[in-house]
Amino acid sequence: MTTTEQPAQPLAQRFVGESVKRSEDLRILTGTGSYVDDVQLPGMLHAAFLRSPIAHGRITGIDLTAARQLPGVVAVYDGAGMQGLLAETAKAPGIFGPAPVDFTLLATDKVRVVGDPVAVVVAESRYVAEDALELIEVDYDDLPPVATAAQAIDPESTPIFTDLGSNVITGPDTNTHGDVEAAFARADRVVRANLKVHRHQNVPMECRGVVADWDPSNESLTIHGSNQGVGIAKMVLSGQLGVPAHQVRVLCGDIGGSFGLKIGTGREEIATAALSKALGKPVKWIEDRNEHLAFSGHAREETLDAECAFTNDGEILGLKVSMVVDTGAYPGMGAMLGRMVEGMMPGPYSLEALEFTFRAVVTNKAQYVAYRGPWASETFCRERMVDLVARELGLEPLEVRRRNIPFQGENPGNMITGRSLTSATARESLEKMAELVDVGAFRERQAAARAEGRYLGLGMATYIEAAPGPRAEGGGGLGSEQMRMRLDDDGVVRVFTAQMPHGQSHQTTLAQIAADEFGVPMELVEVVVGDSDQVPFGFTGGSRSATMAGGAALHNARDLRQKVLDVASHLMEASADDLEIVEGSVAVKGVPVSARSLASIAAAAAVEGALPEGVDGTLEVARNYDGGKGGWSGGTHCCIVEVDAETGLVDIERYVVVEDCGKLINPAVVDGQVRGGVAQGIGAVLLERSAYDPETGQFLAGTFLDYLLPTTTEVPRIETHHLETVPLDPDVNFRGVGEGGMVVSPATVCNAIEDALAPFGVKVEEQHLPPLRILELIGALED
Amino acid sequence: MNVELTVNGEARTAADVEPRKTLADFLREDLGLTGTHLGCEHGVCGACTVIVDGDPVRSCLMLAVQAQGTTITTIEGLGAPDAMSPLQTAMRDCHAFQCGFCTPGFLMQITALLEDDPNPGEREIRETLSGNLCRCTGYESIVNGVLQAIEVSR
């Protein structure tokens, strides 16, 4: 697979498009990586947090005396004490959205969720710190818990934030696109469903954590973290601690997964940094799995009441959707989710009209966080409704999709919510899927199986993903990706990226692009990540890196190459146009003996007087990339399941993906992203749920025996096929692929399960279908 | 208590080990072998798996003092970056892992499996690895890596 075995291939395409082996694997496979818990500093202390055992209550007393007296304990702080360690101007952390609320880093007056941090112990070991937690006495007066969105919407519910007066923090706001009345009036029929996406969560294998190292001698803070962007963490910590940003340095080594969770800086991370500053010693906090499951953050928990208007020919005319998101106790991104879901709701379909209503509520549950395709309930909703339309009309779901999704050649126009569908190849992916999966043959097999009392089902779903999305008319909208690139006098091209990889293989993929464009072997490219003193501001998320960082790598490498050739032309007394970079050397074209190593060029350029006056000898470039024309990723998934009507177990017999993320940088990396996303979607449907007791608000999924992740025996082999159909740019046609697998797989699996259960007349309205629920749906167990 | 044991072929001794200290924490903190990872600390995720006297063991569920006199292999004992073992090489060829956090547990579980049965089929591989959680890959690439390692060893 390595490209050095293919010398005939043109230099400029040696690495991009190949499944180049990952440079990350040299450390990951040998136990020599460096994750945050691997950081051990001299004199380092350990923090542990005392957390609320109840969902909602008032703190009436707290006694830290016994904990402070335990040998090995260095300090114990409650909420009020912690406030004294923070900047006076510090705002409630991690909050954005329309409803700013007032709360403290550790709870002072109230606890609002099981797991809310109430106090923190710093000790010589984590063992002692946890011993001390058991010596802290806290008295609570219970408040009535708000454990469901329905309770939160009830005006009689106890306000979780008294200054808001209500537990509804956004909406209901209704927006319409197109003529909704006319679309519904013209329709022959309307189907309705009350769709439910359950609460589940990211669950990276590495929990959160931080090592904070305050240096009293120069009043600077060094953070060893596990965050999706070192710059964001630096800004938050600077503001919370009142330390000037230039005296905060955030370092991240290897990160054991995130999937959106670690974009922000958690309250415990801020507290740990404050403790290091107060104590003048390094302090480590590593979240344990129980803390993680209860409090690190949860995703989804949305209801979507949907109506779909359509003709007897299967033309879908319009949708009305009313969405409620349960954002948990501390409002953040969830409060702003509506606009994302609304914008994407039409997907690639030629809808005439959409009415969308959004409400966000707070409840006594863990905070909403981003999880791999936060807007994904639009795909679940739309693709479920399409199958319900097909069922209503007795049509094949594939056929209904064909009647409503245009080909690129048919001038697809804009989504009814505004964005251009140019480069969205959902229909092409659908047709490819129809070639790969013989639906007619399946129906025959399905009928034969049913005659034997076996329940097979086939489900499809189609999506598009704004990764990065199309550039709006008149430009703008894709953001800007910063990057620096430098040729050093060791002959290595160093790429300083704002991306903060946590499994995405950026240190390989960005090196592939830069090596091809600059003209060096990959070993001579080093991708520098995770140091706020070295890398530009940015983060990894939103499936933006392929286009944005990939494009930045390509253009910076091109600029740097030209700059090196310009400098070399003076040093080698040849025109830059006559020079080329081959295998780490600069040479006059066709004269290999003239070759001079890049290291010697870089060293020579730095010598005073080596270059004519006015020639810039700094071999460094920094160009921001604006995403060009952008473009869509997307595709179609299909799965075939068998449901065991006696046990309720679902077996996935076949899972096929057709996806289009433009030009593949590294096919093995793309396949890995796709499979991983699909596995998470399968887990979401069949296994995972962040369960709370609906009466008490008690958290019920605090271990891996309660929160079930998919294993090798549940996740099937996934057949992955790629379209690379619509080049929009002369150079940069890589598009993101991180989220799509997770966006569309829940609808795919649910559609297949409903199809399998058709003989029982089952209508699938919820996304979570564990065995017990399936037995309820088919009437084998009481609902 | 004192603990004497052999880790990755080297005799190691540690004095004053707290009886309640887990083997995982002992390996990571006292012996500096941070390649072994802790993913759940309740015996489910398998990230902390090491080989103790030939058997795969969850080092979060074993106490360091229980390891007295044992012979242990951790991921650091498999092969260094410039001298990877055939299993590590096969895993790299197959892009088996992404974030790498679960990796030590998988590699040790697979090592124990292949020592026991050098030629398992995919079904047996999947059943053996069903006690190790990976959140990134969907497992297919890991299974492919094991199959390739078996193929290469033939």
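So, Tyr139(B) counts as buried, at 1% relative accessibility. By buried I mean under 20% relative accessible area, with exposed being over 50% and partly exposed in between, using a 1.4 Å probe and protein chains only. You'll find Tyr139(B) in the loop between helix H4 (122-128) and helix H5 (140-153) of chain B. Helices (H or I, at least four residues) and strands (E, at least two) are DSSP runs, numbered from the N terminus.

Quick housekeeping. This is a predicted model, where local features need pLDDT of at least 70 and side-chain atom pairs count only at pLDDT 80 or more, while totals for chains, interfaces and linings use all residues. Residues are numbered from 1 along each chain as its sequence is written, chains are lettered from A and ligands numbered from 1 in the order in which they are written, and side-chain values use heavy atoms, with hydrogens and water left out.

Over to chain A. Glu583(A) also has a positive phi, about 50°, and is not a glycine. Glu583(A) is in the loop between strand S20 (579-582) and strand S21 (585-588), and is partly exposed, with a relative accessible area of 43%.

Now, the cis peptide bonds. One joins Gly171(A) and Pro172(A), with omega about 5°, and Pro172(A) is in strand S7 (residues 168-177). Another runs from Ala467(A) to Pro468(A), omega near 10°; Pro468(A) belongs to strand S16 (residues 455-470).

Next, two glutamines. Gln228(A) is in the loop between strand S10 (220-225) and helix H7 (230-241), and counts as buried at 2% relative accessibility. What does its side chain make a polar contact with? The side chain of Ser258(A), at 2.5 Å. A polar contact here is a pair of N or O atoms within 3.5 Å; within protein, one must be able to donate a hydrogen and the other to accept it, and residues adjacent in sequence count only if both atoms are side-chain atoms. The side chain of Gln228(A) also reaches the backbone nitrogen of Ile263(A), at 3.4 Å. Leaving aside neighbours within four places in sequence, Gln228(A) is in contact with residues including Phe259(A), Met500(A), His502(A) and Phe539(A), contact meaning heavy atoms within 4.5 Å.

Last one: Gln767(A), in the loop between helix H19 (740-756) and helix H20 (771-777). Gln767(A) is buried, with a relative accessible area of 4%. Not counting residues up to four places away in sequence, Gln767(A) touches, among others, His198(A), His200(A), Phe380(A) and Cys750(A).
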